[in-house]
Amino acid sequence: TPLILWIRRDLRLADHPALAEAAATGRPVIPVFVLDEVVEGYGAAPKWRLGEGLAAHARALEGIGSRLILRRGPALPVLRALVAETGAGAVWWQRLYDPAAQARDTAVKAALKAEGVEARSFAGALLFEPWEVETGQGGFYKVYTPFWNAVKGRDPGLPAAPPKALRPPEAWPASDRLQDWALGAGMRRGAEVVAKHACVGEARALARLDAFLGTRVQDYRAARDFPGREATSGLSENLAWGEIGPRSIWQGGMRALHAGAAGAEHFLKELVWREFAAHLMQHSPELASRNWREGWDDFPWRGNSDAAERWRRGMTGEPFVDAAMREMYVTGTMHNRARMIAASYLTKHLMTDWRLGLAWFEDCLIDWDPASNAMGWQWVAGSGPDAAPYFRVFNPAGQADKFDPDRAYRDRWIAEGQARPPQTALDFFAACPEAWGLSPGQRYPAPVISLAEGRARALAAYAGHKS
Ligand code: FAD
């Protein structure tokens, strides 16, 4: 009997244990993507980027004699209907670890099993399942370094080879048309601007890994903190949609390490930060919604404000912060150092609740990852596990001197004041909604708040909160 392979954020053929095992059974396989209640809840940019990824993955499946069936509606009834239509005896998928996906998957599994369908979930999105890494006491890790020490010597295994062919069913069930889903409809900014920067699909993701390992990995450790340089892999975009698997990256990184590439270990360590985020979210499902540390619920976070809106629009008057916010608006990603500076400015200088920032990133990032985003925000805000203490306030001007000494990053994104601004800086104005009323000829704004005043205000609130 046919087997339904429920595809989610795993748009790849290689390093895909469920697909490899499905192909090996010799049974007809029906790959399906469901635009369900969880996916409907994604932010604008993730949804748009998902659509691009689905188109590429459908073509890849066609290349091995298969197809990607698209259906819309709550996951359980949709899968149930597909089982009935096709006579499938099994529904297989790879696990996700955020609470929304887990709640859905648990319900689907229980219901299908009760109806006599083989419902089976596989590992694949992570190197190590979150419950397979335990402290000596049998608990979960709350600090990164011991987590790294616990996994660094482990072998996650080799990536599964991509199947050369996938047996089709005798008749294909009907499929929605991707364009009818209009997944880009929520992009208030021009999707065509962001599209110039996206790197879509498994083939491009693998090429991106090779390019990184062939060159930039050497200087990665020192250069990765400079947002004006192209020093990192860019793979978060592909990992977010599963266009590349973590084992492929781990194996590539290990090969580079053994070949003597100086930055390879540091690169593997960064990949393990992603694992750590999933581990934390598995064990603290409220990571994206509640202060993780006790005592933070009564911190006087500010809600939405004009200042927070200026932050979203890249108009705070603080150049490093604005460059970061504009980079995200135009490309759908933001350099890691810039994420820390932008998030710190919002939560400290503007004393704004980190959840407002988290929500904006969730709407704007094409590499949106529920666990990494939540861990990043709570880390910066000081409310999270292994977090930077609240009183360690990043100074965006000092950070700019240190990590953007030649102004390359700020000049790339801020047109105002430049005689001949680069296309990237101009693209921001093409990307942002007309309603914002911004234009490249405008004067760069005065700061929302002086850095000294913002810092003093945050520290005073923190001191008052503690006592
Ligand atoms: P590289 O430097 O090439 O690193 C390789 C891989 O390691 C990355 O692709 C990523 O998977 C992983 N990695 C690196 N740094 C981190 C980190 N700090 N946390 C978790 N994983 C990491 N990352 C996301 O993928 N999605 C998000 O939604 C996201 N939101 C963030 C929000 C905030 C406030 C902060 C501070 C960080 C966030 N990050 C997020 C983490 C990090 O900024 C990005 O993973 C990184 O910038 C991606 O660039 P890269 O692929 O070139 O990374």
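A458 is buried: 20 other C-beta atoms lie within 10 Å of it. The model is predicted. The protein chain has three domains, and a ligand is surrounded by 27 residues.

**Around A458**

- A458 sits in helix α22, which covers residues 451–466.
- Leaving out residues up to four places away in sequence, A458 touches K348, H349, M351 and V393.
- Q102 is 356 residues from A458 along the chain, and 37 Å separate their C-alpha atoms.

**Domains**

- Domain 1 covers residues 1–124.
- Domain 2 is written in two pieces, 126–156 and 191–283.
- Domain 3 runs over 306–466.
- The centres of domain 1 and domain 2, taken over C-alpha atoms, are 25 Å apart.
- Where these two domains meet, domain 1 gives 20 residues and domain 2 gives 20 residues.
- On the domain 1 side of that contact, 10 residues are nonpolar, 3 are polar and 7 are charged.

**The UniProt feature**

- An unreviewed UniProt entry places the feature "domain: Photolyase/cryptochrome alpha/beta" at residues 1–127.
- Over residues 1–127, the chain is 48% helix and 20% strand.
- The end C-alpha atoms of this stretch are 31 Å apart.

**Helix α3**

- Helix α3 spans residues 44–63, which makes 20 residues.
- From its first C-alpha to its last, α3 reaches 29 Å. That is close to the 28 Å expected at 1.5 Å a residue.
- Of the 20 residues of α3, 14 are buried, so the helix is largely enclosed by the rest of the structure.
- G65 follows α3 and has a positive phi, near 80°.

**The shell around the ligand**

- The shell holds 27 residues, and the closest are T232, S233, S236, N373 and G376.
- Four helices each supply at least two residues of the shell: α11 (236–240), α13 (264–283), α16 (336–349) and α18 (370–381).
- Domain 2 and domain 3 each provide at least three shell residues.
- By type, the shell divides into 13 nonpolar, 8 polar and 6 charged residues.

Technical notes. Residues are numbered from 1 along each chain as its sequence is written. This is a predicted model: local features need pLDDT of at least 70, side-chain atom pairs count only at pLDDT 80 or more; totals for chains, interfaces and linings use all residues. Domain bounds come from an automatic or database domain assignment. Two residues are in contact if their C-beta atoms, placed from the backbone, lie within 7 Å. Ala, Val, Leu, Ile, Met, Phe, Trp, Tyr, Cys and Pro count as nonpolar, Asp, Glu, Lys and Arg as charged, and the others, Gly among them, as polar. A residue is near a molecule or strand if its C-beta atom, placed from the backbone, lies within 6 Å of it. The expected span of a helix is 1.5 Å times one less than its number of residues. A residue is buried if 20 or more other C-beta atoms lie within 10 Å of its own, exposed if 12 or fewer, and partly exposed in between; C-beta atoms are placed from the backbone. UniProt positions are given in the numbering used here, feature names are shortened, and annotations may be inferred rather than shown by experiment.
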